[in-house]
Amino acid sequence: MNGLSNFALAFLCNMITAFIVVRWIYYPKHRSRKYVFTFLAFTTIIFFVVSLMTSIEISIGVGFGLFAIFSVLRYRTNTIPIREMTYLFIIAALPVMNALGVNGEYWSTLLVANTTMILILLWLENEWGFSLSLIHI
């Protein structure tokens, strides 16, 4: 496959996984549309930025600068609940991981990683095997 088809396939993989996480794992439990836009917009823009960063020669300082911008963004916004912050982190890490697919060498690894992440989130959200209300930390 050429670079453009690898890019499109990696983007599709990223968006399908993000959509499953947001629509079928997060939303049914929380019934809040408040963060759906943020989750899907974050995963889209981060995928584009990271895939472009991996395709052109740039310094590591630019990568650190990108994460510094995200850190400042976090301190300048309203506080969100810890569960939504966890989903935001997952949605931000997902495109970083899936941008590796642009190179076309890691499809099987990415498929396993995305599927495993979806299954773990399903397991945690549905409290299969344990009840979060019984755990007192």
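**View 1. Helices H1 and H5 run roughly parallel to each other (an angle under 35 degrees)**. H1 (residues 3-30) packs on H5 at an angle of about 5°, and their axes lie 10 Å apart. Here, axes are lines fitted to C-alpha atoms over the stretch in contact, and angles run from 0 to 180 degrees between N-to-C directions. Helices are DSSP runs (H or I, at least four residues), numbered from the N terminus. Look for the contact (heavy atoms within 4.5 Å): on H1 it includes Leu9, Cys13, Ile20 and Ile25, and on H5 it includes Trp107, Ile118 and Leu122.

This is a predicted model, where local features need pLDDT of at least 70 and side-chain atom pairs count only at pLDDT 80 or more, while totals for chains, interfaces and linings use all residues. Residues are numbered from 1 along each chain as its sequence is written, and side-chain values use heavy atoms, leaving out hydrogens and water.

**View 2. Helices H4 and H5 are roughly antiparallel (an angle over 145 degrees)**. H4 (residues 82-98) and H5 (residues 107-125) pack at about 170°, with axes 11 Å apart. Among the residues that meet are Tyr87, Ile90 and Leu94 of H4 and Leu110, Ala113 and Met117 of H5.

**View 3. Glu125 and Arg83 form a salt bridge (a side-chain nitrogen of Lys or Arg within 4 Å of a carboxyl oxygen of Asp or Glu)**. Their closest N and O atoms are 3.0 Å apart. The partners sit 42 residues apart, Glu125 in helix H5 and Arg83 in helix H4.

Conventions:
Helices (H or I, at least four residues) and strands (E, at least two) are DSSP runs, numbered from the N terminus. Angles under 35 degrees count as roughly parallel, over 145 as roughly antiparallel, 65 to 115 as roughly perpendicular and the rest as oblique.
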